[in-house]
Amino acid sequence: MNTEAITSIKGIGEKTARLFQKLGVQTVEDLLHYYPRAYDAFLPPQPVSELAPETVAAVEGVLTKTADVLPYGRMKVTTAALRDISGLLTLTWYNMPYLKSALRSGERFVFRGRVVKKKGRMAMEQPLMYTPEEYGGLVNSMQPVYGQTKGLGNKTIAKAVSEALKGRRTEREYLPEDIRRRCGLAEYNFALEHIHFPGDGAELLFARKRLVFDEFFMFLVAVRLLKDRREDVQSPCPIAVSGEVRAAQEKLPFSLTGAQKRVLGEVYADLSGGRVMNRLIQGDVGSGKTIIAVLALLAAAYNGYQGALMVPTEVLARQHFESMEDLFGRLGLTARPILLTGSMTAKEKRLAYERIRCHEADIVIGTHALIQEKVVYDNLALVITDEQHRFGVSQREMLGNKGRRPHVLVMSATPIPRTLAIILYGDLDISVIDELPADRRPVKNCVVGTDYRENAYRFIEREVRAGRQAYVICPMVEASELLEAENVLDYSKTLREKLPSSIQVAYLHGKMKAQEKNRLMEQFAAGEIQVLVSTTVIEVGINVPNATVMMIENAERFGLAQLHQLRGRVGRGKEQSYCIMVDGSGQADTRERLAILNRSNDGFFIASEDLKLRGPGDIFGVRQSGELNFKLADIFTDAEILKCASREVKRLLDADPLLEEEENRELKNRLDVYLARRYEKLNL
Ligand code: ADP
Ligand code: MG
């Protein structure tokens, strides 16, 4: 493994290294695993008559005249015309007058670039030119396209990767031979090279399969080791469900759904059953997972224990804390919740730690700050993570180590089919809330073009007049040269102009200070702000039942699962809610994809339909399972590889549980590095 800094690579100085750092690349190893985001396929030249606008294509033909260079404002525009057997095509370049000498009448070239429609005619802008021989050498190859950052373009990244690959020593294969044979996997070094520079599509798939397998394999080994350590552990802290908890359950402002009651029964049985609970609750957005957590935490508190609720964002932590305080107050419950978040001052934190240590607080609610070493519990018996997809196996384990083997409950809205969930959460029992509260009306959806915006604003205005609130989601925080997409800052300005001044519009994004975000969220929850323009920071868990409109700009930029999460922020109360997805691409296949959301409000259905539409061949589609922290692997499209890895892990560990055999030595080393890294990421 090469942990040298990337400055050791030819051509990379301090300045470039700093740009790479923005992409999370510091070492040569990081760079080798900075996989392409997509690939540019060099397809054979197309006839001019078959070119489609807004695509990248290649054409081959003869120049009909020598190029002209004309001034256009302060720009110099070079134009040429090409003819093939089917038609004529205009070629234009900006500020590249030196091309003129090469572009002579009668010469034959291949041009590759973006096709645009100009004044009703096809043209190609800024194409690259090749001799037919040159292009012949490239045809059908796939060039990597990397995630880029300002000042660090694709060419530089590809060059750096290529140098890194050239300069490295090949690594020893660590997967036992028979696993590779059974699963049809490429050799490791081959895979690493060809994921960056595949000769063709088949080679790419072969390389990718190996790396995907490795991701699953390592992950599943970690899960399995965790499970083995936990299997059948007697609980030192059984939690009986006391009368107070049963009474509280009866006095809730709503009656629980059948599914909630069933799952609660499973949780209660675990808590009081004498073994340590390790349970996952899966339930679609809005299915009412929080109340299950609250009742379980109450049960722990009334048994004289402490419980912790861990959430991915500070905003969500605060919201859970406040609604808990509110509920306990109304029901006259004496359990004492406390909030613990990263943005609290040092003094506030010290005070909170102290109160937790001497058990003046029963229920601790917070972000990952909770798991940091300073928090010492008096008597921790239950740990719950909400929206768990932001937390990995190792976080679960860290928290588990906090008390004397506390019960663990994990809650997730990620729609994973049961067969896959059993594999991925192999260390957990699974409960499913498969029913929404009865008073819910399904969210009404529409997918519209940008020309619909004015209608949408008027609609939002009407809803606000009727006492309700709206979210507007933009993909970006501020304007960028690299990406054309709506941004929160400009959009909120525009919206203030479009809406009457009596409507309070505010914006929220991840780069803001935590205190500021909290304040805004509180104002929104209190109804003082009516329209909240935000990035996806509000995607997870937020609950403001009075909000009835979710308008999503550049909906084409989001994955379906993510859109479903966003939409889940509305439709959480009795009022009819609406989701307006604005498609900024205007492309037919995008519309088709978004239409899936239009047809259904069911997370599982959406995930499976999305899969069908993308097909297993579309390996670079919007990744749904980014939550599970895989770089390449997608639990949906790669379900077969996942199952294969799962079988192999079982086979391996059944035969050699501690990986002590000689033939597994490389694998053991590799695994140790993998596990060590994951702990490092936890900042401990
Ligand atoms: P999620 O499963 O997405 O975390 P929440 O637990 O936040 O959902 O619940 C969404 C909303 O539904 C909350 O306002 C909650 O109080 C309410 N709720 C939960 N259970 C019920 C129920 N059985 N009947 C009516 N409303 C409910
Ligand atoms: Mg929730």
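**View 1. A network of salt bridges joins Lys10, Lys159, Glu163 and Lys166.** In this predicted model, a salt bridge means a side-chain nitrogen of Lys or Arg within 4 Å of a carboxyl oxygen of Asp or Glu. The structure holds 42 of them. Local features need pLDDT of at least 70, and side-chain atom pairs count only at pLDDT 80 or more, while totals for chains, interfaces and linings use all residues. Residues are numbered from 1 along each chain as its sequence is written, and side-chain values use heavy atoms, leaving out hydrogens and water.

**View 2. Arg182 meets Glu648 in a salt bridge.** Here the closest N and O atoms are 2.8 Å apart. Because Arg182 belongs to helix α5 (residues 177-183) and Glu648 to helix α21 (residues 639-655), the pair ties together parts 466 residues apart in sequence; helices are DSSP runs (H or I, at least four residues), numbered from the N terminus. Glu648 is buried at 5% relative accessible area, whereas Arg182 is partly exposed at 35% (buried is under 20%, exposed over 50%, partly exposed in between, with a 1.4 Å probe and protein chains only).

**View 3. Arg208 and Asp638 form a salt bridge between their side chains.** The N to O distance is 3.0 Å. Arg208 sits in helix α7 (residues 201-230) and Asp638 in the loop between α20 (603-614) and α21, 430 residues apart. Both residues are buried.

**View 4. Glu354 and Arg357 pair within helix α12 (residues 346-357).** Their salt bridge spans 2.7 Å, N to O. The two are three residues apart, so about one helical turn separates them.

Methods
Chains are lettered from A and ligands numbered from 1 in the order in which they are written.
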